[in-house]
Amino acid sequence: MALRVLAHFVPGNKVLDFLAAEADWLDIRWCAADDDVGFYRELPEAEVIWHVLRPLSAADLQRGPRLRLVHKFGAGVNTIDVATATDRGIAVANMPGANAPSVAEGTVLLMLAALRRLPELDRATRQGRGWPLDPGLGETVRDIGGCTVGMVGYGNIAKRVGDIVGAMGATVVHTSTRDDGRPGWRPLPELLAVSDIVSLHLPLTEQTHHLLDRDAIALMRPSAVLVNTSRGAIVDEDALVGALRDGRLAAAGLDVFEDEPTAPDNPLFGLDNVVLTPHVTWYTADTMRRYLVEAVANCRRLRDGEPLTHLVTP
């Protein structure tokens, strides 16, 4: 009998082609992230959920009596009620490292775009402005190669980012909840004070919520750039807006927000010194291929009664 999977995203053609070739033994029901009607219609019969970003609450999990596995397409499981899943005997697995190449490249993209004032220059060029050259560019725009780049959190993605910017000539420092003995480790206050670019690579937990609050942001250089491709609530968004607006921070590159999807009146949208993307640094054809390989392999293990990989539940 086919294993019933509720895939909580809209597939592209390449996804469908891959699954048709590799997993015709799965009964996959597709549901867009914002389609609650479809989600709750399919949930009672689902044995597996392929989960991306829409939160899975305790009430959701209780409405899936046949659920055996929630497989996160990514690493962070803060959007899943893992405690309830554990109580109900539902396995939760993630995919550490599967999106690391894409997120690392997206992080460097945001660094460069913010550091080089890309949105502002793009708008000026489209409007026929920008000539003669703004003399301020030669005073404010810098090369990554001359910067100190601080990684807050030092897992798979941060290490890849460090390798990329290090190859460009940057000095890389890092901090994490544990000192792994690698050169460049700094306590967080020191890292914030010495870095020209601060890049966040942390899971969202009670300990990391608003880790970069008003006081932490005040430790950063006024010329510094903050980049966040991890979770929005690690930063106090109101404090960040104030610092960017008042010139206490030069720029920010953000792929994540405290509330997603973010409201149309978010004050970040009115700032010229911010580069924004809608939580998509992970979302490439290459990452999706790696996700599907992992997801199908774990479903096969579930079908065959073999141990699952990358479990976050006991």
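Guide: A residue is called buried when its relative accessible area is under 20%, and exposed when that area is over 50%, with a 1.4 Å probe and protein chains only. This is a predicted model, in which local features need pLDDT of at least 70, side-chain atom pairs count only at pLDDT 80 or more, and totals for chains, interfaces and linings use all residues. Residues are numbered from 1 along each chain, and side-chain values use heavy atoms, without hydrogens or water.

Visitor: Which residues of helix 8 are called buried?

Guide: Ile157, Ala158, Val161, Gly162 and Val165 are the buried residues of helix 8, a helix being a DSSP run (H or I) of at least four residues, numbered from the N terminus. They lie on the same side of helix 8, because their arc, taken from the directions from the axis to the C-beta atoms, is only 135°. Asp163 and Ala167 are exposed, on the face turned away from that buried side.

Visitor: Why is the largest pocket said to lie between domain 1 and domain 2?

Guide: Domain 1 (3-94 + 284-304) and domain 2 (99-276) both give residues to its lining, so the pocket lies between them. The domain bounds come from an automatic or database assignment. Helix 8 (residues 156-167) gives the most to the lining of the largest pocket, with four residues.

Methods. Helices (H or I, at least four residues) and strands (E, at least two) are DSSP runs, numbered from the N terminus.
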